Amino acid sequence: MPDTDNSIAETRLNQNIQPLPSNAFVQKAYVEMRTDWFTRHKKETLSKAGYPNITEQFTNTPVKRFLEVIEMLSKDSGINVHFAAEKQGEAELRLLFVRSDQGFKDVGDYYQLNPNGSFVKIANRIDVEELKNNYKKGIKTVLDNTTGATYGETEFVHFDRETIREIKEEIAYQVARGTIAGITTKILSLADEETEERIVREKKDRILQRLTILFTYVDKNNQETDFETIDRERYLSTIAIQNEGLVKGLVAAKSRGGVSGLNRGKPIPPPLPRGDI
């Protein structure tokens with residue numbers, strides 16, 4: 001296991017790190033928008049199809065454990081996060097974290113993230129394939145019609161090497177400041193073209209309307225917290241940087257509530273990820 005405390009100390013001393021990477025940071029307004037899309041289009045569809053209790057949130061993984069697993073999986077590589085299910089006929093979602101090679105293929109052991117935030121290593125590939133297939137033949141089949149993409153719903157979210165590096169360094173930076181104690185992993189859905197393309201991106205990008213995930217912070221009181229709360233100056237400056245690239249008339253600066261988080265994963269398929277979210 002890597003020495004997480006040393007990694008955090010090294011991060012603190014490295015003055016070249018951008019502690020809040022504007023590319024991976026997702027503003028509150030977009031988190032709300034994607035949460036709402038998930039609730040109205042994904043959760044409602046699953047409920048009507050007999051899946052009323054879809055897992056939406058993997059709560060409070062201790063931050064040292066989260067960094068430990070991510071460090072193990074991302075040595076000079078990216079990470080794939082697969083959607084999986086314990087049983088084909090139930091909405092008992094799990095997430096499988098695994099190292100990714102340059103061709104976006106899984107490499108090595110899998111770590112299953114459970115709804116209570118715990119990570120468990122799964123070395124048996126038969127078990128892994130069963131978990132994946134339960135999702136593909138059950139939940140994914142139901143959700144394939146909720147996206148305009150011909151290849152259907154997300155199978156896994158790919159985080160490239162640079163994105164994982166930025167996320168690790170940002171989390172370690174906050175740990176060194178003593179602001180956070182845990183990480184919550186949320187399931188969200190990208191919205192439609194009219195909503196999402198308020199952000200400048202290629203029109204041919206077809207990863208919209210599909211499941212994705214988001215990492216948010218938990219404070220020392222075991223409550224979900226926000227960049228605006230724990231690091232307001234950097235929060236505001238990062239929003240200013242991001243908003244320079246937005247189309248005129250874009251997202252309102254004010255949010256009804258909720259939290260900001262870290263993403264920029266790419267929902268797969270298609271087999272070759274395109275576009276940053």
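Which hand does the crossing of H3 and H5 have? I looked, and the crossing is left-handed; the rule is that the near helix is turned anticlockwise from the far one by less than a right angle, with clockwise giving right-handed.

**Ground rules**

I'm reading a predicted model, where local features need pLDDT of at least 70 and side-chain atom pairs count only at pLDDT 80 or more, while totals for chains, interfaces and linings use all residues. Residues are numbered from 1 along each chain as its sequence is written, and side-chain values use heavy atoms, with hydrogens and water left out.

**Whole chain**

I noted eight helices and 12 strands in the protein chain. Helices (H or I, at least four residues) and strands (E, at least two) are DSSP runs, numbered from the N terminus. Of the 277 residues, 55% count as buried, and buried means under 20% relative accessible area, exposed over 50%, partly exposed in between (1.4 Å probe, protein chains only). I also checked contacts (heavy atoms within 4.5 Å). Among those between residues at least 6 apart in sequence, 74% join residues at least 24 apart.

**H3 and H5**

Two packed helices are described by the angle between their axes and the distance between the axes. For H3 (residues 63–73) and H5 (residues 161–177), I got axes that come within 11 Å and cross at roughly 155°. That makes H3 roughly antiparallel to H5. My cut-offs: under 35 degrees is roughly parallel, over 145 roughly antiparallel, 65 to 115 roughly perpendicular, and the rest oblique. The axes are lines fitted to C-alpha atoms, for helices over the stretch in contact, and angles run from 0 to 180 degrees between N-to-C directions.

Who meets whom? From H3, Val-63, Phe-66, Leu-67, Ile-70 and Glu-71 meet Ile-164, Lys-168, Ile-171, Ala-172 and Val-175 of H5. By class, I have eight nonpolar, no polar and two charged residues in this contact. Ala, Val, Leu, Ile, Met, Phe, Trp, Tyr, Cys and Pro go down as nonpolar, Asp, Glu, Lys and Arg as charged, and the others, Gly among them, as polar.

I stayed with H5 for a bit. Its buried residues include Ile-164, Lys-168, Ile-171, Ala-172 and Val-175. The 17 residues of H5 should span 24 Å at 1.5 Å a residue, and the end C-alpha atoms are 25 Å apart, which agrees; the expected span is 1.5 Å times one less than the number of residues. After H5 comes Gly-178, with a positive phi near 80°.

**H2 and H4**

Next pair: the axes of H2 (residues 28–48) and H4 (residues 125–143) come within 9 Å and cross at roughly 120°. That makes H2 oblique to H4. I found this crossing to be right-handed. Lys-42, Thr-45 and Leu-46 in H2 meet Ile-139, Val-142 and Leu-143 in H4. By class, that contact has four nonpolar, one polar and one charged residues.

**Two single residues**

I then picked His-82, in strand S3. At 7% relative accessibility, His-82 counts as buried. Beyond its neighbours within four places in sequence, His-82 is in contact with residues including Arg-94, Asp-106, Tyr-110, Lys-132 and Glu-155. Lys-132 is 50 residues away along the chain, yet the two C-alpha atoms are separated by 7.4 Å.

Last stop was Glu-92, in the loop between strands S3 (78–85) and S4 (93–100). At 31% relative accessibility, Glu-92 counts as partly exposed. Leaving aside neighbours within four places, I saw Glu-92 in contact with Thr-55, Ala-84, Ala-85 and Glu-86.
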